Amino acid sequence: MIKQNLEAIRQRIDAYARACNRDPHSIELVAVSKRKDSSLIRQAYDSGQHIFGENYLQEAAEKIPHLPAEARWHFIGHLQSNKAKQAVALFDVIETVDRLKLATLIDKHARALGRKIGILLQVNIGREPQKAGVLPEDAESLLREINSSTQLGVLGLMVIPPWAPDPEASRPFFQATRELALNLAAKQLFSDNTRVALSMGMSADYHIAIEEGATLIRIGTALFGARDANKEK
Ligand SMILES: *Cc1c(COP(=O)(O)O)cnc(C)c1O
């Protein structure tokens with residue numbers, strides 16, 4: 001099941017990328033494995049999927065040791081500052097950095113562990129009061145402050161657009177994210193300004209995200225099936 005789902009998703013990524021003249025290799029799939037146990041994750045790994053996204057630290061800490069050390073882990077949930085140390089020990093990339101204090105702590109713990117950590121700035125692109133993320137107009141100053149961190153690779157931006165039944169509703173938010181990233185890259189604010197990561201698009205709207213320039217798409221349901229609603233926070 002997982003293997004077939006993975007193949008179908010990869011084929012779609014390929015087709016969507018080609019349809020808009022993008023190199024399919026410029027798009028990485030992050031398999032969102034929250035609330036899925038390590039045996040399912042292992043099936044995905046054995047089918048060639050090596051990047052996984054997790055939302056909850058405790059859950060990730062229990063599962064990650066059961067997967068091959070070659071697997072790459074992206075943290076995509078809300079990260080409390082007092083959990084930065086644990087996140088640095090477990091994850092390769094933290095996609096949800098949205099404040100200086102958190103970036104500073106990740107940097108400090110990464111230095112203590114002799115690690116380099118990739119980060120993305122989570123931007124609250126829909127300006128939703130209940131949602132995490134730096135506001136678009138504050139991204140530049142935050143990036144300037146983070147730039148003195150020695151252990152952080154500032155890879156790009158991550159967004160979760162407002163929920164809407166029609167995936168097309170995500171398009172303007174993806175476009176705004178790309179424009180913001182181009183603007184910030186022109187000011188040399190990322191670690192590699194020629195290759196800025198854009199983490200956007202989930203199961204319902206990743207085809208649109210690809211058309212609008214996504215380089216990381218985060219897919220859970222379409223790969224692993226629906227999550228148990230009772231287990232959702
Ligand atoms: C759960 C989650 C996803 C995956 O969502 P699906 O709709 O299951 O593909 C992607 N990104 C974030 C931040 C998530 O929390």
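1. The model is a predicted one. The ligand sits in the largest pocket, whose volume is about 1,000 Å³. Lining this pocket are 38 residues, of which Lys34, Asn55, Ile76, Ile160 and Met202 are the closest to its centre.

2. The lining of the largest pocket, for its part, divides into 17 nonpolar, twelve polar and nine charged residues.

3. Gly220 places a backbone N or O atom 2.8 Å from a ligand oxygen. For Thr221, a polar side-chain atom lies 2.5 Å from an oxygen atom of the ligand, and a side-chain N or O atom of Arg227 is 2.9 Å from a ligand oxygen. The ligand taken alone exposes 390 Å², of which the protein buries 88%.

4. The second largest pocket has a volume of about 580 Å³. It is lined by 25 residues, with Arg195, Val196, Ala197, Leu198 and Thr215 closest to its centre. This lining contains twelve nonpolar, eight polar and five charged residues.

5. Which elements each supply at least two residues of the lining of the second largest pocket? They are β6 (152-158), α7 (171-186) and β7 (197-199). The largest share, four residues, comes from α7.

Key: Residues are numbered from 1 along each chain as its sequence is written. This is a predicted model: local features need pLDDT of at least 70, side-chain atom pairs count only at pLDDT 80 or more; totals for chains, interfaces and linings use all residues. Side-chain values use heavy atoms; hydrogens and water are left out. A polar contact is a pair of N or O atoms within 3.5 Å; within protein, one must be able to donate a hydrogen and the other to accept it, and residues adjacent in sequence count only if both atoms are side-chain atoms. Accessible areas come from the Shrake-Rupley method with a 1.4 Å probe; for residues, only the protein chains shown count as cover. On a 1 Å grid over the protein atoms alone, a cavity is a set of points where a 1.4 Å probe fits but cannot get out, and a pocket is an open set with protein on both sides within 12 Å along at least five of seven lines; lining residues have an atom within 4 Å of a point. A molecule sits in a cavity or pocket if more than half of its atoms lie within 2 Å of its grid points. Grid points are joined across faces, edges and corners, and a volume is the space filled by probe spheres set on the points. Ala, Val, Leu, Ile, Met, Phe, Trp, Tyr, Cys and Pro count as nonpolar, Asp, Glu, Lys and Arg as charged, and the others, Gly among them, as polar.
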